[in-house]
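User: Hi! I am new to protein structures and would like to learn how to read one. Could you walk me through it?

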Amino acid sequence: SNRRASEGYKKHSAGLAAAEQELGWVGALSDTASGTITGKEKVMLETFVQMTTFDRVTARANIRLMAMTGGRYELARREQAMSLRSQSGLDLDVVDHYNATRRDVRTLSGGESFQASLALALGLSDEIQSAAGGVRLDEGFGSLDENSLSEAIAVLDSLSEGSRLVGIISHVDSLKTRISRKILVTKLPSGGSQARIVTDDL
C-alpha cells in the first residue's frame, strides 16, 4: 500500500512540476501583455501597438502646431513613464523651442492646449486620409487670442487649397469676418430655426 502511494505521489508530482513551469511562462506572458511586470514600465500590448501610429500622427500634428505657434511648440511622446506605478506609453510632452525645455503637455495654457488639440486632430485626419474618412473638430476657437486665432485660421485655409473641404462649427463672432462662405443658423420665435448661405462674393 505504501509503495502504491509512493508511486502515485511521484507520478502526480511530475505532472504538478510541469504545470507549475507552464504557469510560470504563461503568467510572465500575461504580465507582459497587460503591462504589469514589477519594476518595469506599465505598457499594455494594445498601447504598444498604438504607439507606432501615435508617433506618425504626432509627426504630422507637429507640422501644424509649429505653424500655429510660430515655431515655438512641438509635441513629443514621452518614452519613459513618470513612475512605474501607472500605465504609460501614450503620454505627451511639449517641447518649447523658445527656452529649450520639455514639459508635460498639461502645462500649456487654454489657448495653447486648443492649438495642440487642433494640431493633433489635423494630424489624425492626415493619417486617415491615406485610406478614407475625415475628422470632426470640436468647439474651442473662443479660447484663442487674436494672434493665435489668425494662425489657426491660416492653417485651416492652407488645408482647403487642395481637394479637401474643411468645415468649422462655431459660435465665435470674430470668425464670421474671417470665413468667406458661411451657413448661418438663426433661431425663430416659433421655436424652429432658419439656415441661410452667405458668401463674400455676393
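Analyst: Happy to! Keep in mind that this is a predicted model. Let's start with a loop: A100 is found in the loop between β2 and β3.

User: What is the phi of A100?

Analyst: First the general idea: most residues other than glycine have a negative phi. Here, A100 has a positive phi of about 55 degrees although it is not a glycine.

User: Is A100 buried or exposed?

Analyst: A100 is exposed, because its relative accessible area is 72% and the cut-off for exposed is over 50%.

User: Now the strands, please. In what order do they form the sheet?

Analyst: In general, strands of a sheet pair through backbone hydrogen bonds, either parallel or antiparallel. In this model three strands make an open sheet, ordered β1-β2-β3, with antiparallel pairing. The edges are taken by β1 (73–77) and β3 (101–104); each has a single partner strand, so one side of each is left without a neighbour in the sheet. From one strand to the next, the twist averages 30 degrees.

User: Which helix packs on the sheet?

Analyst: That is helix α2 (residues 45–68), which touches β1 and β2. The direction of α2 makes about 175 degrees with that of β1.

User: How many bridges join β1 to β2?

Analyst: Five bridges join these antiparallel strands, β1 and β2, and L75 stands opposite V94 in β2. On to the next pair: β2 (residues 92–96) is joined to β3 by four bridges, again antiparallel. There, V94 stands opposite R103 in β3.

User: How many residues of β1 are buried?

Analyst: Four of the five, so β1 is largely enclosed by the rest of the structure.

User: Let's turn to charges. How many salt bridges does a search of the whole structure find?

Analyst: The idea is that side chains of opposite charge can pair when their charged atoms come close. The search finds 10 salt bridges in the whole structure. One of them pairs E127 with R56, whose closest N and O atoms are 2.8 Å apart. E127 belongs to helix α3 (residues 110–129) and R56 to helix α2, so this pair ties together parts that are 71 residues apart in sequence.

User: Which residue meets R72 in a salt bridge?

Analyst: The side chain of R72 meets that of D96, at 2.9 Å from N to O. R72 sits in the loop between α2 and β1 and D96 in strand β2, so the pair ties together parts that are 24 residues apart in sequence. R72 is partly exposed, with a relative accessible area of 24%, whereas D96 is buried, at 0%.

User: And which residue forms a salt bridge with R78?

Analyst: D93 does, with the closest N and O atoms 2.7 Å apart. This pair links distant parts of the chain, 15 residues apart: R78 is in the loop between β1 and β2, and D93 is in strand β2. R78 is buried, and so is D93.

User: Which residues are linked in a network of salt bridges?

Analyst: The network of salt bridges links R78, D91, D93, R102, D104 and R106.

Notes
Residues numbered from 1 in each chain as written. Predicted model: local features only at pLDDT ≥ 70, side-chain atom pairs only at ≥ 80, totals over all residues. Heavy atoms only, no water. Pairing = 2+ DSSP bridges. Helix = DSSP H or I, 4+ residues; strand = E, 2+ residues; numbered from the N terminus. Axes fitted to C-alpha atoms, helices over the stretch in contact; angles between N-to-C directions. Contact = heavy atoms within 4.5 Å. Salt bridge = Lys/Arg side-chain N within 4 Å of Asp/Glu carboxyl O. Buried < 20%, exposed > 50% of the residue type's maximum accessible area, 1.4 Å probe, protein only.
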